[in-house]
Amino acid sequence: MRTQVAIIGAGPAGLLLGQLLQRAGIDTVIIERKSRDYVLARIRAGVLEQGTADLLDAAGVGGRMHSEGQVHEGFSLAFDGRQHRIDLKDLTGGKTVRVYGQTEVTRDLADARDAAGATTIYQAEDVVLADFDGSAPKVRFTQDGAFHEFTCDFIAGCDGYHGVARASVPPAAIQLFERVYPFGWLGVLVDQPPADHELIYANSARGFALCSMRSATRSRYYIQVPTDERIEAWSDDRFYDELRRRLPAATAEAVKAGPSIEKSIAPLRSFVAEPMRFGRLFLAGDAAHIVPPTGAKGLNLAASDVRYLSDALIEHVSEHSEAGLNAYSTRALARIWKAERFSWWLTSLLHQMPGASPFEQRMQLAELDYLSQSRAASTVLAENYVGLPV
Ligand code: APR
Ligand code: PHB
């Protein structure tokens, strides 16, 4: 079997790339290890930069994002018993973010792909990539016990951190950068109105906390926990009690508890792989980089990778130019490293580092105090939060 671009992974990166290429008349096949239901059931963050929202519109899948998503013009920092609002719109000359769950984005993309009749192969096992250093890369896999092979012009590795694409690259050809944080996020999803109409990021002596939402009736809360924490140790009551202890009194009061409909612990990691191109294999999204969720950059970085890669592939097919393909890795990494820095900085500012000295804790509070009083400092925060130029 043949296709122009074989995409490994039907997460948001793979589906968005497939959608943009299909709309440009380029044939793609997506090969996914899990089932459609599994992929669409994953609970993930949901803050979209304007650039990501624009790309979803360009891909023709922005309808629900506009009708069901929320535009946020700011968010708050809570520390030392008080709260300070970061006015994104004022500090960035009018830029905002959109709150719309990644689960919904992935669903919109999967539905659009099915509606277009494009091929997505779910539950593909033993996926193997071959010959991507030559002119006719191949993807082999089994499904329901039958062997299949696609020959293609390019392979897009959109298969996440644990995928086969990056693992297929010879170790000598790739450089890995990683920082694993000594804590995780315990998250709860609950069908209750949010504590505030905007997000609240809290630094407290007991650890980080985040008040977020999916809609006006569904809230998402996170608290920092040690990496070896067991989910069984956390009843809903204990969760809400600990969350409220980390928030200023008025916000704690506003948290409406309820039975959790999802509860999980996610590790925090910063990770980058360089380069992101190996012959005719291109990495995009979590396959090449991970950010801690503090800055809500994961999906947005995947989207900007896909913007650069789809532009480059369309340019190659329509103008027979290699320019975009040759520039892809450098261009994507330049934006990725800035978002990695921002996510690492915000994580370091808002979390309690095990073993941190009282002096280090005061440094965090002094920086938060400075952020709350300096337009220059809060502009830097706002400009990174809404998304740096693509
Ligand atoms: N073969 C086929 N598919 C695979 C394989 C494999 N060997 N390994 C993994 N996959 C699939 C996974 O099952 C998953 O559906 O690749 C997909 C990768 O999707 P994501 O992990 O969502 O990665 P990406 O599309 O890059 O999205 C990045 O996801 O984790 C969040 O914060 C992150 O928001 C960011 C976004
Ligand atoms: C979320 O709503 O899940 C969320 C929002 C902002 C973040 C991280 C997660 O920074």
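The model is predicted, so local features need pLDDT of at least 70 and side-chain atom pairs count only at pLDDT 80 or more, while totals for chains, interfaces and linings use all residues. Residues are numbered from 1 along each chain as its sequence is written, chains are lettered from A and ligands numbered from 1 in the order in which they are written, and side-chain values use heavy atoms, with hydrogens and water left out.

**Ligand 1**

- Around ligand 1 there are 23 residues, and Ala13, Glu32, Gln102, Asp286 and Leu299 come nearest; a residue is near a molecule if one of its heavy atoms lies within 4 Å of it.
- The side chain of Glu32 places an N or O atom 2.6 Å from an oxygen atom of ligand 1.
- A polar contact here is a pair of N or O atoms within 3.5 Å.
- On its own, ligand 1 has 710 Å² of accessible area, and the protein covers 89% of it; such areas come from the Shrake-Rupley method with a 1.4 Å probe.
- Helices (H or I, at least four residues) and strands (E, at least two) are DSSP runs, numbered from the N terminus.
- The shell around ligand 1 has nine nonpolar, seven polar and seven charged residues. Ala, Val, Leu, Ile, Met, Phe, Trp, Tyr, Cys and Pro count as nonpolar, Asp, Glu, Lys and Arg as charged, and the others, Gly among them, as polar.

**Ligand 2**

- Ligand 2 is surrounded by 13 residues, of which Tyr201, Ser212, Arg214, Tyr222 and Pro293 are the closest.
- Polar backbone atoms reach oxygen of ligand 2 from Pro293 at 2.8 Å and from Ala296 at 3.5 Å; for a backbone N or O atom of Thr294 the distance is 3.0 Å.
- Ligand 2 taken alone exposes 280 Å², and the protein buries 99% of that.
- The largest cavity is the space taken by ligand 2. A cavity is a set of points, on a 1 Å grid over the protein atoms alone, where a 1.4 Å probe fits but cannot get out; a molecule sits in it if more than half of its atoms lie within 2 Å of its grid points.
- Strands β15 (209–213) and β16 (219–226) are the elements that give two or more residues to the shell around ligand 2.
- By class, this shell has nine nonpolar, two polar and two charged residues.

**Strand pairing**

- Six strands form an open sheet with mixed pairing, in the order β8-β2-β1-β12-β19-β18; two strands pair if DSSP finds at least two bridges between them.
- At the edges stand β8 (119–121) and β18 (277–278), each with a single partner strand, so one side of each is left without a neighbour in the sheet.
- Strands β1 (residues 5–8) and β12 (residues 154–157) run parallel and are joined by four bridges, and Val5 has Phe154 as its bridge partner in β12.
- Strand β13 (residues 175–190) pairs with β17 in the antiparallel sense over 13 bridges; Glu178 is partnered by Phe271 in β17.

**Backbone details**

- The peptide bond from Glu274 to Pro275 is cis, with omega near -10 degrees, and Pro275 is found in the loop between β17 (260–274) and β18.
- Asp126, in strand β9 (residues 125–130), has a positive phi of about 50 degrees although it is not a glycine.

Technical notes:
A polar contact is a pair of N or O atoms within 3.5 Å; within protein, one must be able to donate a hydrogen and the other to accept it, and residues adjacent in sequence count only if both atoms are side-chain atoms. On a 1 Å grid over the protein atoms alone, a cavity is a set of points where a 1.4 Å probe fits but cannot get out, and a pocket is an open set with protein on both sides within 12 Å along at least five of seven lines; lining residues have an atom within 4 Å of a point.
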